[in-house]
Amino acid sequence: MAATRILAADEPSLAVAAALLRAGELVAFPTETVYGLGGDALNPHAVARIFAAKGRPAEDPLIIHLAAAADLDLVTRDPPPALAMLADHFWPGPLTLVLPQQPGRAACRKRGRETVAVRVPGLPLARRLIAAAGTPIAAPSANRFGHTSPTSAAHVLADLDGRIAAVIDGGATNVGLESTVLDLTSTPPTLLRPGGVSLEQLQALLGEVALGAKVAPGGGQIAPGLLERHYAPEHPLRLVIGPVDAARAWLRGEAEQLLAAGLRVGLLIPDEDAAFFADRTYDLELLGPAAQPELVAQRLYAALRALDARRPDRILARDIGIAGIARAVADRLRRAAAGDVTELG
Ligand code: TXA
Ligand code: MG
């Protein structure tokens with residue numbers, strides 16, 4: 001395929017992108033969470049192209065993006081009672097809802113699956129693009145399967161240049177990690193993936209929320225057997241979880257040992273930890289203050305990519321708790337660690 005076109009975030013470019021989407025081509029576009037790899041959700045050829053471009057297994061279903069909640073009946077049916085309230089509160093925004101699917105409409109479903117994941121993205125540019133295309137847009141994160149999700153157009157091109165028709169460059173994304181996925185077909189609703197809308201916000205509205213098999217009360221433990229190398233850096237990441245002082249001491253000890261063995265160490269840590277490592281030349285990526293988890297979430301993927309690109313033998317990270325969006329940060333760090341997690345008492 002020809003090189004991927006880079007489009008500006010302006011109206012003429014949106015018209016070009018919308019025409020490409022209507023023609024069954026793939027266009028990556030920014031949302032408030034991460035960049036999506038968009039294709040016409042009602043066109044089976046476009047949907048097949050998404051799976052091929054990403055190298056994604058066919059059984060992993062896609063999220064469908066709508067310009068407005070009013071378009072829900074294009075792809076869903078039998079709205080559960082909580083839907084209207086959740087849509088009012090959180091749409092447009094980083095909440096994906098799993099709903100009963102409209103038979104025969106959404107092309108990007110797993111065979112036999114009767115649900116569909118839907119969201120109305122918070123970034124106005126994304127909604128204008130979907131409205132201009134005039135069709136629901138299926139869009140997984142715009143990375144090769146298993147890689148870290150893209151938060152800039154450059155990240156998209158690093159993974160998908162030449163594999164998609166175009167990318168709209170809307171700058172860095174605001175939330176920085178993926179939407180929350182909530183299954184509304186179960187009672188109580190089940191949190192399948194923590195993300196931009198927090199568990200606390202959902203509980204405040206819904207009362208009880210169940211945690212899915214991959215989401216532990218402690219912030220995103222992936223059940224044994226479901227361990228997937230997902231959101232993963234190319235160089236191995238080791239994660240420590242626990243009280244701040246103990247976690248820092250552990251990081252320090254681990255880093256010293258690796259350095260002594262002649263290995264290159266990359267540290268992915270909150271700002272306030274930097275002083276703790278100032279006396280030695282460690283390779284640091286600072287995530288922002290731990291007390292501002294929104295900033296940490298925003299920076300997480302870019303920092304992980306930057307560190308990874310410098311080819312450390314080992315990346316060391318510590319978590320920043322599970323309050324609010326920190327739960328989603330902990331979840332992504334656990335996935336990046338692919339099981340190499342140390343929990344201190
Ligand atoms: O923030 C986001 O959600 C981004 C932006 C582009 O919108 N998209 C995204 O898509 O992260 P993706 O495909 O990387 O992740 C979709 C997640 C997957 O874990 C998938 O298994 C789950 O949603 N999912 C999709 N359809 C589902 C369904 N019907 N039931 C349960 N889980 C579903
Ligand atoms: Mg993804």
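Phenylalanine 277 is buried, at 2% relative accessibility (buried is under 20% relative accessible area, exposed over 50%, partly exposed in between, with a 1.4 Å probe and protein chains only). This is a predicted model: local features need pLDDT of at least 70, side-chain atom pairs count only at pLDDT 80 or more, and totals for chains, interfaces and linings use all residues. Residues are numbered from 1 along each chain as its sequence is written, chains are lettered from A and ligands numbered from 1 in the order written, and side-chain values use heavy atoms, with hydrogens and water left out.

**Aromatic cluster**

- A search of the whole structure finds two aromatic pairs (Phe, Tyr and Trp rings, the last by its six-membered ring, pair if their centres lie within 6.5 Å; planes under 30 degrees apart are stacked, over 60 edge-to-face, the rest tilted).
- Phenylalanine 276 and phenylalanine 277 have ring centres 5.6 Å apart and planes at 80°, so this pair is edge-to-face.
- Phenylalanine 277 also pairs edge-to-face with tyrosine 282, at 5.4 Å centre to centre and 85° between the planes.
- Phe276, Phe277 and Tyr282 form one aromatic cluster.
- Phenylalanine 276 is partly exposed at 36% relative accessibility, while tyrosine 282 is buried at 9%.
- The charged end of arginine 248 sits over the ring of phenylalanine 276, 5.9 Å from its centre (NZ of Lys or CZ of Arg within 6 Å of the ring centre and within 35 degrees of the ring normal).

**Nonpolar cores**

- In soluble globular proteins, nonpolar side chains tend to be buried together.
- The largest nonpolar core has 42 residues, of which Leu86, Leu95, Leu97 and Leu202 touch the most other members (a core is a set of buried Ala, Val, Leu, Ile, Met, Phe, Trp, Tyr and Cys residues joined through side-chain atoms within 4.5 Å).
- Two or more residues of this core come from each of α2 (44-54), α3, β5, β6 (115-119), α5 and α6 (199-206) (helices, H or I with at least four residues, and strands, E with at least two, are DSSP runs numbered from the N terminus).
- Leaving aside neighbours within four places in sequence, leucine 97 contacts Leu83, Leu86, Trp91, Val116, Ala117, Val118, Leu182 and Leu184 (contact means heavy atoms within 4.5 Å).
- A second, separate core of 26 residues includes Leu237, Leu239, Ala303 and Ala336.

**Helix α8**

- Helix α8 has 17 residues (293-309); at 1.5 Å a residue it should span 24 Å, and its end C-alpha atoms are 24 Å apart, which agrees (the expected span is 1.5 Å times one less than the number of residues).
- α8 bends by about 45° at leucine 300 (the angle between axes fitted to the seven residues ending there and the seven starting there).
- Among the buried residues of α8 are Leu300, Ala303, Arg305 and Asp308.
- The cover over the buried residues of α8 includes α5 (153-160), β12 (237-241), β13 (265-269), β14 (283-286), β15 (314-318) and α9 (326-337).
- Arginine 311 follows α8, and its phi is positive, near 55°.

**Backbone**

- The peptide bond from tryptophan 91 to proline 92 is cis, with omega near -5°; proline 92 is in the loop between α3 (83-90) and β5 (95-100).
- The peptide bond from threonine 187 to proline 188 is also cis, with omega near -5°; proline 188 is in the loop between β9 (180-183) and β10 (190-193).
- Aspartate 78, a residue other than glycine, has a positive phi near 45°; aspartate 78 is in the loop between β4 (63-65) and α3.
- Alanine 338 has a positive phi of about 45° and is in the loop between α9 and β16 (341-343).
- Alanine 338 is partly exposed, with a relative accessible area of 33%.
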